[in-house]
Amino acid sequence: MNKTERNNWKRFLLKLISFVLILVVLDFAFGAILEYFYWNHNGDRYARHLQYTVKEADEDLIIMGSSHAMRSINPAILEQKTGIKSYNAAQAAQSILFHNALLPVLLERHKPSIIVLELAAWELDYMPIHYDRLSFLLPYYKDYSEVRQTVDLRSRFENLKMLSRIYPYNSSILTILQNVLTGRENPPLGNGFDTHPTVMKIDPNEKIAISDSAIAAGMNQQLRQDSLKLAALIDFCQTANKQGTELIVVMTPKLKTLGINSISLKNISKILNAQNIPLLNYSRDPEFLQHPEWFYDRSHLNTEGAEHFSHKLADTLKALINKNSDYTISQKMNETPDPG
Amino acid sequence: MLFNSVEFLLFFPVVVVIYFLLNHRYRWIMLLLASYYFYMSWRPEYIILIIVSTLIDYFAALQMGRAITPQRKKIFLLLSLFTNLGLLFTFKYFNFFNDSVRAAFNTFNIFYDVPAFQMLLPVGISFYTFQTMSYSIDVYRGIKEPERHLGVFALYVSFFPQLVAGPIERSTTFLPQLFEKHEFNAARAVSGLKQMLWGFFKKLVVADRLATYVDAVYNNPQEHSGLSMILATVFFAFQIYCDFSGYSDIAIGGARILGFDLMENFKRPYFAKSTKDFWARWHISLSTWFRDYVYIPLGGNRVVKWRWYYNLFITFLISGLWHGANWTFIFWGALHGVYLVLAIWFTQPVSRISGLLGLKSESGLNTIIHVVWTFTLASFAWIFFRANQISDAFLIIEKIFTFQGPVFLSNLSSVAYGIFGILLLLLVEFQHEYGFFNIKLFNNTNVVVRYSSYAAVVLLILLIGVFDGSQFIYFQF
């Protein structure tokens, strides 16, 4: 390396280091602002919902799951019928990976008697998007080791990305700006139930989805199984079991036939059977299949459907909860016919 | 290894530092090893294809150089072409060809059951095979002397910044650079980093953000309205531009830091005033490749008119097929061929109408009309490029023209980020194209403005970029 080249290097490195330092300061400052608004502003109701689950929820019956649970299970109805204080902690678009990261965080602070975990029949299929969606947990990465283990599944270098203080709040700036500038305070989700009143438009093609031929077609849908999701489900069951929390797994009614005879469903049943955990599979419940007007779309119930379903689920749960005996729910379940 | 991965952000600085610390004589070895590592981090076994292509072309070119008769020269050219096209056909087109033959036979109730080839498409195979084929053809034509240094030739084939998605470099301009001694130059390094930064912005903030909307609509065309289709199509026009030109920017910028000059691959294509102009600005390294090795050998425009039109159409049809083994790409290429032929037919009537309307060819209004019209034509063709199958493309077009239903807006903030990215991109490109505002940011003489603009782009990437490590679209070609 000659003198000119050495000087070139020096000049360049000096500029680069100065720029990196400026970036570190800016990243810290912007990250701190975003962090403040994430934790202290009520504008983002879904972020607030997750914060409540992690930091405050003290109900005795906690519902976990995806949008299927969030839109279909009204905890107020469960509470009214079972007499157990309930909260719907489901998060839209999330999978068992997310629930498995959230459960120990919740149990560390509060141990509910019952957890109702909603799963889809295709839950264990490999879907890369479920890893991307774990980004919703990034604000909790720093403080919870259980979250770290799961979020690290997103990529090999997630811990390096987390060196940035902005990164956990990536894509949230517009919501924050909108809420702060307009002073908008979205009403919190209350008991976590987030319903859609709209009735699904039914055209002739949609009707096919509930016919027998569609069920037959569903048998052919065999996607690659995600071993990490399998492990997450086993882990979820064991964590609940270790903490003495009763676990019940539910599948909500759907018009679409995706996964109804899938390997995923068989694997879910196998795991739950092995741990003696009841599975309430309503995904092909004839009562709901006969009422497409109870659906918001092919896999989510609307307000009316959710009310019917919550009553039905509450009745089953009530039957399972034997207040007068020492039976656990799982033992009792073996005597109850599968409602699905 | 993807450019938009943490792996690359660690790999690249290490390569740069070792490269400049090494004696010039050994740098090619280091770059070759780095390039092979870069490629093998995706799927190690496919490096064999690059090595086979390299060895055959090296050997064929040497033999062409030694050949006494034109026939012998031709034999070795054919050896090179058959090897590269054979690799391409086997790995990229066999299943498409097989399926098409099966479909044709089935129409006549003829049993045909050749099994599909169960292999993944090797990343970048269309790029490196075209780059080496151009070398063999140039040696055959006597434009380039055969390269005797096998190692440097192997580096020409596999140079990591442009290995998997171009620009497709010519041996006449790029090979000599591999022998030159490149000293570290701070100004070049800064300029390279700036171009890389802008490439990351295009990919992470614009392309990947728009992809979420485009994928949602194009993967379920039955469930979306005409308005959503229009929005998704416009978004796709910017997605593919930012995805591919973003890759090119990172490749060109990275190579510049190492001391190499790669050719410009995109020149603000959505400011083109005609389809011909569009192709002078879009994927320049490929369009000039097709011009020099397909269109001109077919006779170019120095033939009778019908033959000229045929040459244009065939060149674009092949270009479509180059992009992918699917009828959608063939339609896309054919459509561009038709655009160009129609443009020739309508040149005079259009200028007459413009004259009657009093529109001067250089007037602002005329420019706007031509730019918008060219963008509309390009976007319409993108429908075929993006659709998962040809029937989807026709369904999308039908829906666009029926124009019914609400706009799909499931994630409003994501759409807003995408639109913001497009506007910022257009503003920067508008400035480069017309120099209207006379504002300089990355190249401002004031150090505060310059550094602030770099920092603003990095912050934008961190704030609204998509970090799911998605692939570049052109990797599949």
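Helices here are DSSP runs of H or I with at least four residues, strands are runs of E with at least two, and numbering starts at the N terminus.

## Basis of the model

This is a predicted model, in which local features need pLDDT of at least 70 and side-chain atom pairs count only at pLDDT 80 or more, while totals for chains, interfaces and linings use all residues. Residues are numbered from 1 along each chain as its sequence is written, chains are lettered from A and ligands numbered from 1 in the order in which they are written, and side-chain values use heavy atoms, with hydrogens and water left out.

The model scores ipTM 0.78 and pTM 0.85. Chain B averages a pLDDT of 90, and 98% of its residues score at least 70; pLDDT is the predictor's confidence in each residue, from 0 to 100.

## Chain A and its strand β3

Chain A contains 16 helices and seven strands. Of its 340 residues, 51% count as buried. The chain exposes about 15,800 Å², of which carbon and sulfur atoms supply 55%; these areas come from the Shrake-Rupley method with a 1.4 Å probe, and for residues only the protein chains shown count as cover.

Strand β3 (residues 114-118) of chain A is largely enclosed by the rest of the structure, because five of its five residues are buried. On one side lie A:Ile114, A:Val116 and A:Glu118, and on the other A:Ile115 and A:Leu117, so that both faces are covered. Strand β1 (residues 61-64) of chain A runs parallel to β3(A) and is joined to it by four bridges; two strands pair if DSSP finds at least two bridges between them. In this pairing A:Ile63 stands opposite A:Val116. Five bridges join β3(A) to strand β4 (residues 246-251) of chain A, also in parallel, and there A:Ile115 stands opposite A:Leu247.

## The overall form of chain B

Chain B has 17 helices and zero strands. Its radius of gyration is 23 Å, close to the 23 Å that the globule rule gives for 477 residues, so chain B is as compact as a globular protein of that length. The radius is taken over C-alpha atoms, and the rule is 2.2 Å times the number of residues to the power 0.38. Buried residues make up 55% of the chain.

## Aromatic pairs

Over all chains, 90 aromatic pairs are counted. Rings of Phe, Tyr and Trp (its six-membered ring) pair if their centres lie within 6.5 Å; planes under 30 degrees apart count as stacked, over 60 as edge-to-face and the rest as tilted. The rings of B:Phe271 and B:Tyr434 are edge-to-face, because their centres are 5.9 Å apart and their planes stand at 80 degrees. B:Phe271 lies in the loop between α9 (226-258) and α10 (275-281) of chain B and B:Tyr434 in helix α16, so the pair ties together parts that are 163 residues apart in sequence. B:Phe271 is buried at 9% relative accessibility, whereas B:Tyr434 is partly exposed at 35%.

B:Trp382 and B:Phe385 also form an edge-to-face pair, with 5.0 Å from centre to centre and 90 degrees between the planes.

Terms used: Buried < 20%, exposed > 50% of the residue type's maximum accessible area, 1.4 Å probe, protein only.
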